Structure formats: C-alpha cells, structure tokens
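Grab a pencil and work through these exercises one at a time. Try each task yourself before you read the solution under it.

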Amino acid sequence: MLIPSNRHSGFSMIEVLVAVVIVILGLLGLAGLHARAGMVEAESFQRAQAMELLQDMVDRISSNRKNSMSYVTASPLGTGNTEGACAGLTGANLDLCEWNNALLGAAESNNGISVGAMIGARGCVENIDPVMPRQFLVSVVWQGTVATKEPGTTCGEGLYGGSGLRRAVTATVVIGCLQNDPATGACVTP
C-alpha cells in the first residue's frame, strides 16, 4: 500500500533560478572589484615610478648647489628624442638631458604596445620665488587612467585633455644661503 505524502522534496525550478541569479550577481560584483583593483594597482605603480624620477632630479639639484638656477626648465621635459644627445654635456645640462631620457623611458613602447611605467611622463623644475631664487618646485606629471581632481602644479597643464587625467608628484627644493655679499646682502654661492 502506498501512503500519499504531502511533503515536497527537492527544489522547484523557481528556487534554482533565484539561486543562479544570486550567484551570477555575486560573480559580476567580484569581476568588477577585480578590474578596479587592477586599475588601482597600475596607478600605484605609476606613482612609484614618478617618485623615483622626482627624487632623481631633487638629488641632482641638491648635489650641484652652485649651479642650481641652471636646472630651471622653460617647458616640460620628456618630449622629443634625445637618446645619445647627452654626449659632451656636463653639469646641469647633462643632468637635465639624462632626466629627459628617463622621462621618455617611462613612456616607452614596443611595437605600439606601451611597456613603460607612465603614460606621457613630463618633468618640470620651476623657480617658485623670484625674490629668493634658490627655491625650486620639481614636478613629474603623467596621464592617469581615471579622471580625478587636477593637481596644483602647472607642469604639463593642457597636455592630457584637461579632463582630470593629469597626475603629479612634486617636491620643493630649497638651497640654503651660506654666505651673503657684504655690500648688497644678496646670497653668494661660495
């Protein structure tokens, strides 16, 4: 004799579909999170490379204190092709040429594929105080991947579309005055 059962066993088709939709939404969220993490990692790597280039120029200026005003750039470096053009240069001119090459190397490409650390790296050295001409703002700028707030420096302004894609790291270098001219009181580099 068969006993009729009022209990349902197993899952209905609607329950299975709801479970599948929930799993798919979770996986889509995870994929979006993974993509965002990749972008953040790339931006972080670019910033680390920019910091290396920035510190390189700060060290060059600090080690050539006597000729520190020679490092001021009229326009951003990191453009053109100066490979091999540094031969025969000395002092600040050699430092600026080598820094230009390093900035170009950051945006290096191989067969049209970008293999460098930064997109469109540029560098500037500005004299920030005309009264005290031994204070410099060193900047490295590049193009980011996601729009954000524009940086405060004018270096590279307008080069990246003006849509918040310009990134920048900056450092202020102050060369101390060790000796004053007795007649004028102006700073004299010993």
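## Exercise 1: The bond between Cys 124 and Cys 155

The link of Cys 124 and Cys 155 is right-handed, with 80 degrees about the S-S bond. Keep in mind that you're looking at a predicted model.

**Task.** Work out which parts of the chain the link of Cys 124 and Cys 155 connects, and decide whether Cys 124 is buried or exposed.

**Solution.** 
- Step 1: Find the two cysteines. Cys 124 sits in strand 3, while Cys 155 is in the loop between strand 4 and strand 5. They are 31 residues apart, so to speak on distant parts of the chain, and the pair links them.
- Step 2: Check the bond itself. The S to S distance for Cys 124 and Cys 155 is 2.0 Å, and a disulfide needs the sulfur atoms within 2.5 Å.
- Step 3: Look at accessibility. Buried means under 20% relative accessible area. Cys 124 has 6%, so Cys 124 is buried. Cys 155 has 2% relative accessibility and is therefore buried too.

## Exercise 2: The other disulfide

**Task.** The count comes to two disulfides. Describe the one that joins Cys 86 to Cys 97.

**Solution.** 
- Step 1: Start with the distance. From S to S, Cys 86 and Cys 97 are 2.0 Å apart.
- Step 2: Cys 86 is in the loop between helix 1 and helix 2 and Cys 97 is in helix 2, so the pair ties together parts 11 residues apart in sequence.
- Step 3: Read the torsion. About the S-S bond of Cys 86 and Cys 97 it is about -95 degrees, so this disulfide is left-handed.
- Step 4: Check for burial. Cys 86 and Cys 97 are both buried.

## Exercise 3: Inside the fold

**Task.** Which residues touch the most other members of the largest nonpolar core, and which helix gives the largest share of this core?

**Solution.** 
- Step 1: The largest nonpolar core has 23 residues, and Met 57, Ile 61, Trp 99, Met 118, Val 125, Val 138 and Val 140 touch the most other members.
- Step 2: Ask where the core comes from. Helix 1 (13-63), helix 2 (91-106), strand 3 (119-127), strand 4 (135-143) and strand 5 (166-174) each supply at least two of its residues. Helix 1 gives the largest share, six residues.
- Step 3: Zoom in on Ile 61. Leaving out residues up to four places away in sequence, Ile 61 touches Ser 68, Tyr 71, Val 125, Phe 136, Val 138, Val 173 and Ile 175.
- Step 4: Spot the other core. A second, separate core of five residues includes Cys 124, Val 141, Cys 155 and Ala 168.

## Exercise 4: Charged partners

**Task.** How many salt bridges are there, and what does the one between Arg 167 and Glu 43 tie together?

**Solution.** 
- Step 1: Recall the idea. Side chains of opposite charge can pair when their charged atoms come close.
- Step 2: Count. There are five salt bridges.
- Step 3: Take Arg 167 and Glu 43, whose side chains meet at 3.0 Å, N to O. Arg 167 lies in strand 5 and Glu 43 in helix 1, so this pair ties together parts 124 residues apart in sequence. Arg 167 is buried at 7% relative accessible area, and Glu 43 counts as buried at 16%.
- Step 4: Take Arg 60 and Asp 95, which form a salt bridge at 2.9 Å, N to O. Arg 60 and Asp 95 belong to a network of salt bridges with Asp 56 and Glu 98.
- Step 5: Take Glu 150 and Arg 166, with their closest N and O atoms 3.0 Å apart. Glu 150 is partly exposed at 31%, whereas Arg 166 is buried at 4%.

## Exercise 5: Out on the surface

**Task.** Which residues form a nonpolar patch on the surface?

**Solution.** 
- Step 1: List the members. They are Met 13, Val 16, Leu 17, Val 20, Val 21, Ile 24, Leu 25 and Leu 28, with about 770 Å² of accessible area together.
- Step 2: Check one member. Ile 24 lies in helix 1 and counts as partly exposed at 44% relative accessibility.

Methods. Residues are numbered from 1 along each chain as its sequence is written. This is a predicted model: local features need pLDDT of at least 70, side-chain atom pairs count only at pLDDT 80 or more; totals for chains, interfaces and linings use all residues. Side-chain values use heavy atoms; hydrogens and water are left out. A nonpolar core is a set of buried Ala, Val, Leu, Ile, Met, Phe, Trp, Tyr and Cys residues joined through side-chain atoms within 4.5 Å. Buried means under 20% relative accessible area, exposed over 50%, partly exposed in between (1.4 Å probe, protein chains only). Helices (H or I, at least four residues) and strands (E, at least two) are DSSP runs, numbered from the N terminus. Contact means heavy atoms within 4.5 Å. Patches are made of residues with over 30% relative accessible area and no salt bridge: like charges are joined within 9 Å, nonpolar side chains (Val, Leu, Ile, Met, Phe, Trp, Tyr) within 5 Å. Accessible areas come from the Shrake-Rupley method with a 1.4 Å probe; for residues, only the protein chains shown count as cover. A salt bridge is a side-chain nitrogen of Lys or Arg within 4 Å of a carboxyl oxygen of Asp or Glu.
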